[in-house]
Amino acid sequence: MDQRRDTPAAPDGPHRVLAALAERRRTGSRPGQRADGLRIALAVEGGGMRGVISGGMALALHEAGLTGAFDAVYGASAGALTGAWLLSSDPTQLEGWADAQYAREMVRPGNPLRGRPVVDVRTLVEHFYTHVARMDFDAILGNPTTLHPLATHVGTGVSTDLHPLLTDPARLRLALRASAALPLLAGPPVELDGSHYYDAGLAESIPFRTALAQGATHVLVLRSRHAPAAPPAAGPPSRGSRLIAGTVLRRHPDPLRASYLARAERLLADEELLARHDRTPAADGPAVLSVRPGPETPSVGRLARDAPLLRAALDGGRATMDALIARLD
């Protein structure tokens, strides 16, 4: 018998995701001590430095005391880095997304001259997060709200949840690097437990489908992209995608290349599904709500390093989430 006490909202009431979060906040529900039978997940989109926007949203969740309302955090690429900071002992370091030093550590245009990748995720995670802006890896591993960094398996081209492999800080760091290992820009795939992984975005750039597949009843999705001016249209892979598939990924198995070339088609399907969830929430079954940056939030490129731009984007993401949280009262 289903013991969930998830009452669908009235047509003019709050979205079911907001209603569930409001109830957990009202009752002081904590991970491992739930009485509602729900599984509420947070899914964080990345996109290189564009992740500053969803990072600002996550920071607002922390500031509102809502992190403990989630049972799991799923992150893709830069979204996995944000998820890790959110579950660390000092989530205020999400402010680092707008810090010029952080941007310089992650994006290094001169690196190719030294034989290193433009997006230096290895230095960011293994040096900056370990010795400068120290991430509390033990706190993340011990947090009852579980972290699920996603990455793309090189052999199968399938989105893979690396949570089962997070057994110690070193493997957590490898998982974070794997989730953000962009082909060409971030260098070779990352090896973990005998398998190799590329950036999650090759297979699942908006990490909500894995959350649903693993039993989430409610998913709050933090988006780093603005809503498109017009409905996106299907089309063939871009010239850049075809070039990378034929060069950087040429020696990798066919399923990986096929997955990479189908990214645009998958993103279109994700956008359509998420829009349906937002417009007409189902009265039963899983509830999914997307949070997109508002019009006042500037657009940010994947390799952006301009500190004022990043600050405005982080503050915009934070303000967007603050407005949503206000609706919980």
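The largest cavity in this predicted model holds about 30 Å³ of space, and a search of the whole structure finds one cavity of 30 Å³ or more. The largest pocket, by its own computed value, has a volume of about 470 Å³. The mean pLDDT of the protein is 91, with 95% of its residues reaching 70 or more, although over residues 1-11 the pLDDT is below 50.

**Confidence**

- The stretch of residues 1-11, where the pLDDT is below 50, has 14 contacts in the model beyond near neighbours in sequence.
- Where pLDDT is low, the predicted coordinates should not be read in detail.

**The largest cavity**

- The residues that line the largest cavity are L18, L21, L61, L66, L220, M321, L324, I325 and L328, and by class this lining divides into nine nonpolar residues, no polar ones and no charged ones.
- Helices α1 (16-27) and α12 (307-326) each supply at least two residues of the lining of the largest cavity, and the largest share, three residues, comes from α12.
- L220, which is one of the residues lining the largest cavity, is in contact with V17, L21, A41, L42, A43, L61, F70, L289, V291, M321 and L324 once its neighbours within four places in sequence are left aside.

**Nonpolar cores**

- The largest nonpolar core has 84 residues, and those touching the most other members are M49, Y129, L220, L222 and M321; helix α2 (residues 51-63) gives the most to this core, with seven residues.
- A second, separate core has 17 residues, among them A72, A76, A200 and L267.
- In soluble globular proteins, nonpolar side chains tend to be buried together.

**The largest pocket**

- The lining of the largest pocket is made up of 29 residues, and G201, L202, S205, R263 and L267 are those that lie nearest the centre of the pocket.
- The elements giving two or more residues to the lining of the largest pocket are α9 (239-246), α10 (254-261) and α11 (263-279), and α11 gives the most, with six residues.
- By class, the lining of the largest pocket divides into 10 nonpolar, nine polar and 10 charged residues.
- L267, which is among the residues nearest the centre of the largest pocket, is also included in the second, separate core of 17 residues.

**S241 in helix α9**

- S241 is found in helix α9, and its relative accessible area of 10% is under the 20% limit, so S241 is buried.
- Not counting residues up to four places away in sequence, S241 touches Y260, L261 and R263.
- S241 and L261 are 20 residues apart in sequence, while their C-alpha atoms are 6.4 Å apart in space.
- R263, one of the residues that S241 touches, is among those that lie nearest the centre of the largest pocket.

- The buried residues of α3 are A78, G79, A80, L81, T82, G83, A84, W85 and L86.
- S77 lies in the loop between β2 (72-76) and α3, and at 7% relative accessibility S77 counts as buried.
- The phi of S77 is near 60 degrees, which is a positive value in a residue other than glycine.

**Two further loop residues**

- L184 lies in the loop between α7 (169-179) and β5 (190-192), and L184 has a positive phi of about 70 degrees although it is not a glycine.
- L184 counts as exposed because its relative accessibility of 55% is over the 50% limit.
- Most residues other than glycine have a negative phi.
- G301 has its place in the loop between β8 (287-291) and α12, and at 39% relative accessibility G301 counts as partly exposed.
- G301 touches M49 and R50, not counting residues up to four places away in sequence, and M49 is in turn among the members of the largest nonpolar core that touch the most other members.
- The C-alpha atoms of G301 and G51 are separated by 9.6 Å, although these residues are 250 residues apart along the chain.

Definitions and conventions: Residues are numbered from 1 along each chain as its sequence is written. This is a predicted model: local features need pLDDT of at least 70, side-chain atom pairs count only at pLDDT 80 or more; totals for chains, interfaces and linings use all residues. Side-chain values use heavy atoms; hydrogens and water are left out. A nonpolar core is a set of buried Ala, Val, Leu, Ile, Met, Phe, Trp, Tyr and Cys residues joined through side-chain atoms within 4.5 Å. Buried means under 20% relative accessible area, exposed over 50%, partly exposed in between (1.4 Å probe, protein chains only). Helices (H or I, at least four residues) and strands (E, at least two) are DSSP runs, numbered from the N terminus. Contact means heavy atoms within 4.5 Å. On a 1 Å grid over the protein atoms alone, a cavity is a set of points where a 1.4 Å probe fits but cannot get out, and a pocket is an open set with protein on both sides within 12 Å along at least five of seven lines; lining residues have an atom within 4 Å of a point. Grid points are joined across faces, edges and corners, and a volume is the space filled by probe spheres set on the points. Ala, Val, Leu, Ile, Met, Phe, Trp, Tyr, Cys and Pro count as nonpolar, Asp, Glu, Lys and Arg as charged, and the others, Gly among them, as polar. pLDDT is the predictor's confidence in each residue, from 0 to 100.
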